[in-house]
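Student: I would like to go through the labels used for this model and ask what each one rests on.
Tutor: Go ahead; each label will be set against its definition.

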Amino acid sequence: MTLNAKHLFNAWENQKHFLSKDDADQFHHLTAKLLFLSQHGRPDIRTAVSFLLNLDARGPVNTQWWVDALYATHPDMKSHTGGVMSLGRGATYSTADKQKIVTRSSTEGELVGLHDVMPQVVWTNNFIECQGYGTQLATVYIRIIKVQYC
């Protein structure tokens with residue numbers, strides 16, 4: 001449960017109010033600082049900062065994910081999963097974690113990696129829809145197959 005107000009990330013498409021030049025410059029300056037902070041010390045705020053950076057998006061939002069797994073890279077023979085999401089302008093979210101189970105093949109490691117990242121894929125799609133933006137299929141790329149989630 002979060003203590004944030006319900007209107008925290010609300011964005012209205014039909015609102016035609018634009019910032020003045022000075023306010024727009026200040027907004028971009030502060031957003032750039034937040035982006036730096038999210039990359040170097042606070043990865044937990046990356047989703048909110050990415051939302052701010054993409055406020056000017058028109059039409060449905062298409063999220064693309066890349067998931068990869070390195071087979072048996074740890075001393076206990078567990079694999080390692082990495083995932084990256086993009087809204088079309090660089091990495092918006094990234095993760096890298098040791099898998100919790102031992103897999104018997106690199107293909108199985110890829111599928112476990114996909115399983116580990118899918119909750120974030122679903123959450124991100126739901127988050128974007130709750131902000132009033134339409135979403136297309138979320139495309140997830142892994143080495144063995146291409147998956148589309150709606």
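Tutor: One definition comes before the rest: helices (H or I, at least four residues) and strands (E, at least two) are DSSP runs, numbered from the N terminus. The model is predicted: local features need pLDDT of at least 70, side-chain atom pairs count only at pLDDT 80 or more, and totals for chains, interfaces and linings use all residues. Residues are numbered from 1 along each chain as its sequence is written, and side-chain values use heavy atoms, with hydrogens and water left out.

Student: What separates Trp-123 and Phe-127 in helix α3?
Tutor: They are 4 residues apart in that helix, so the separation is about one helical turn.

Student: What makes Trp-123 and Phe-127 a stacked aromatic pair?
Tutor: Rings of Phe, Tyr and Trp (its six-membered ring) pair if their centres lie within 6.5 Å; planes under 30 degrees apart count as stacked, over 60 as edge-to-face and the rest as tilted. For Trp-123 and Phe-127 the values are 5.2 Å centre to centre and 15° between the planes, and the pair is stacked.

Student: Why is Phe-127 called buried and Trp-123 partly exposed?
Tutor: Buried means under 20% relative accessible area, exposed over 50%, and partly exposed in between (1.4 Å probe, protein chains only). Phe-127 has 13% relative accessibility, so Phe-127 counts as buried. Trp-123 has 42%, so Trp-123 is partly exposed.

Student: How many aromatic pairs does the ring rule give?
Tutor: The count is 3. One of them is Trp-66 with Tyr-141: the centres are 5.6 Å apart and the planes at 20°, so this pair is stacked as well. Trp-66 is in strand β1 (residues 64-70) and Tyr-141 in strand β4 (residues 138-141), 75 residues apart, and the pair links distant parts of the chain.

Student: Why are Trp-66 and Tyr-141 called partly exposed?
Tutor: Trp-66 has a relative accessible area of 38%, so the label is partly exposed. Tyr-141 stands at 28% and therefore gets that label too.

Student: Why is Gln-99 called buried, and where is Gln-99 found?
Tutor: The relative accessible area of Gln-99 is 1%, so Gln-99 is buried. Gln-99 is found in the loop between β3 (91-98) and α3 (106-130).

Student: What does the side chain of Gln-99 make with the side chain of Thr-81?
Tutor: The two side chains make a polar contact at 2.8 Å. The term stands for a pair of N or O atoms within 3.5 Å; within protein, one must be able to donate a hydrogen and the other to accept it, and residues adjacent in sequence count only if both atoms are side-chain atoms. By the wider criterion of contact (heavy atoms within 4.5 Å), and leaving aside neighbours within four places in sequence, Gln-99 touches residues including Ala-69, His-80, Val-112 and Asp-116.

Student: Which residues make up the largest nonpolar core?
Tutor: A nonpolar core is a set of buried Ala, Val, Leu, Ile, Met, Phe, Trp, Tyr and Cys residues joined through side-chain atoms within 4.5 Å. The largest has 10 residues, among them Trp-65, Met-85, Leu-114 and Ile-142. At least two residues come from each of β1, α3 and β4, and α3 gives the largest share, 4 residues.

Student: What is noted about the phi of Met-77?
Tutor: Most residues other than glycine have a negative phi. Met-77 is not a glycine, yet its phi is positive, about 70°. Met-77 lies in the loop between β1 and β2 and, at 46%, is partly exposed.
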